[in-house]
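Here's a short tour for anyone opening this structure for the first time. Have a look at it, and then we'll walk through a few of its features.

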Amino acid sequence: MAAATGRAPTPTPRRLRRAVGHVPGGSGGSDGPPAGEAYGAFVPEQAEPPNPGAPTETEASESGSPDAGTELVMRRTDAVLFDFHGTLAQVEDGVTWVRAAAAECGTALDVASATILADRLVTAGRAGGPLPARVPPRLIEVWANRDLYEYAHRAAFTGLAETVDTAIEGLADALYERLLSPRGWRVYADAAATMAALKAAGKRIGVVSNIGFDVRPIFEAYGLADYVDVYVLSYEIGRVKPDPAIFEYACAKLQVEPEHALMVGDTPSDAAAVAIGCAAYVVPAAGPGHANGLAAVCALAGPPTLD
C-alpha cells in the first residue's frame, strides 16, 4: 500500500445547504425514488452568490416560474470527482453472483437455490451490498480496516461469507474473486455518456472511492478509463471518506481549487466534500445497469472549461 502523505490542515466544516431541489435531466432509475425528491446538489454556505442578473427567489415566486422557490447557485466547475460504487457502477445482482461463483467451484445451482443462498450471503455482508447487521468479533479489526488495506478487505468479506453454511467448498473465495473482476459489475446506463460529455467540455475527472482493491481494470473493461485523469482510492492513500483529506488530495492531484470542483456520489460521506469548499451532487439508488441521475451532472458542471 502506498504510504499516506501528510494530511493538510482541515478547514472548519461548513453547514450544508441544498442548492438545487430539482435537477433538470435527473432520473431516479426504475429502482430509485422520483427525480428531485431524494437527491440534489449541495454547496458550501460560503459559496459564490447567484448571478446578479438572475431573478431572486421572491421574483421567481411572483413570476410563477416553475422553479419558484428554488435557490440556484452557479459556480465555475473545472473538475468533477466521482464516487465509484453506487455512483458509476453497481455490483451484479445477487443470484447471478452466487450462481457464477458456484460454477467456478464446480457446482451448478438452480435459480431457486441460488436465490435463497444469495439472500443469506447478502444479509451476512456482501461487498457492495448493505452493511451486515452483525460482524463476528474475530472479524471486527479487518472490518474496521477494510477500506484501508487490501488484505483487510479480502479477509473481511470472505470471512463474512464463511459464516454462511453453503456446503460448497471454496465458495467464499470465489465470491470475492467475482468482485475483483469486471464481470461482477454493471456500469450505470448514463455513466459513459456523462463522462464523455464532461471530458469534451474540458472538465478534469477524478474517481474518489472508499475501497480495498484496484478498480482500474473495471474502468478499462467498460471503456471508461480514458475519461479518468486521477484515481484516489482509500486503500492507496490511507484516508477514507468523509475525511476531508481525501477530497483535498483529489483536488491537489487534479490541480483544481476545491471551490471549482464538484463531488458526485450516493452517500452523505460523498457530500462531505463541501467541508473543503467543493459542491456536491448526491444521486439516488438504482439497480445495476439502470440510469441513476448522472445525466444531470453535465448541467451542474456548467459551460465548457477554457484553458
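## Before we start

What you're seeing is a predicted model, where local features need pLDDT of at least 70 and side-chain atom pairs count only at pLDDT 80 or more, while totals for chains, interfaces and linings use all residues. Residues are numbered from 1 along each chain as its sequence is written, and side-chain values use heavy atoms, with hydrogens and water left out.

## The cavity

A cavity here is a set of points, on a 1 Å grid over the protein atoms alone, where a 1.4 Å probe fits but cannot get out; lining residues have an atom within 4 Å of a point. Grid points are joined across faces, edges and corners, and a volume is the space filled by probe spheres set on the points. The count comes to one cavity of 30 Å³ or more, and the largest cavity has a volume of about 150 Å³. It has 16 lining residues, and the closest to its centre are Trp 97, Arg 126, Ala 127, Leu 175 and Tyr 176.

Helices H3 (111-125), H5 (150-161) and H6 (171-180) each give at least two residues to that lining. The largest share, five residues, comes from H6. Helices are DSSP runs (H or I, at least four residues), numbered from the N terminus.

## The pocket

A pocket, by contrast, is an open set of grid points with protein on both sides within 12 Å along at least five of seven lines. The largest pocket has a volume of about 710 Å³. Its lining takes in 34 residues, with His 85, Gly 128, Gly 129, Asn 210 and Thr 267 nearest the centre. By class, that's 14 nonpolar, 12 polar and eight charged residues.

Helix H2 (residues 94-104) packs against H3 at an angle of about 105°, with the axes 8 Å apart. That makes H2 roughly perpendicular to H3, a label for angles of 65 to 115 degrees. The axes are lines fitted to C-alpha atoms over the stretch in contact, and angles run from 0 to 180 degrees between N-to-C directions.

Contact means heavy atoms within 4.5 Å. On the H2 side the residues are Gly 94, Val 95, Trp 97, Val 98 and Arg 99, and among those they meet in H3 are Val 111, Leu 117 and Leu 121. Nine residues in this contact are nonpolar, two polar and one charged.

## Aromatic rings

Five aromatic pairs turn up in the whole structure. Rings of Phe, Tyr and Trp (its six-membered ring) pair if their centres lie within 6.5 Å, and planes over 60 degrees apart count as edge-to-face. Trp 143 and Phe 157 have ring centres 5.6 Å apart and planes at 70°, so the pair is edge-to-face. Trp 143 sits in helix H4 (residues 140-144) and Phe 157 in helix H5, 14 residues apart.

Most residues other than glycine have a negative phi, and most peptide bonds are trans. Ala 167, though, has a positive phi, near 65°, and lies in the loop between H5 and H6. The bond from Lys 241 to Pro 242 is cis, with omega near 15°. Pro 242 lies in the loop between helix H9 (234-237) and helix H10 (244-254).

Note on methods
Angles under 35 degrees count as roughly parallel, over 145 as roughly antiparallel, 65 to 115 as roughly perpendicular and the rest as oblique. Ala, Val, Leu, Ile, Met, Phe, Trp, Tyr, Cys and Pro count as nonpolar, Asp, Glu, Lys and Arg as charged, and the others, Gly among them, as polar. Rings of Phe, Tyr and Trp (its six-membered ring) pair if their centres lie within 6.5 Å; planes under 30 degrees apart count as stacked, over 60 as edge-to-face and the rest as tilted.
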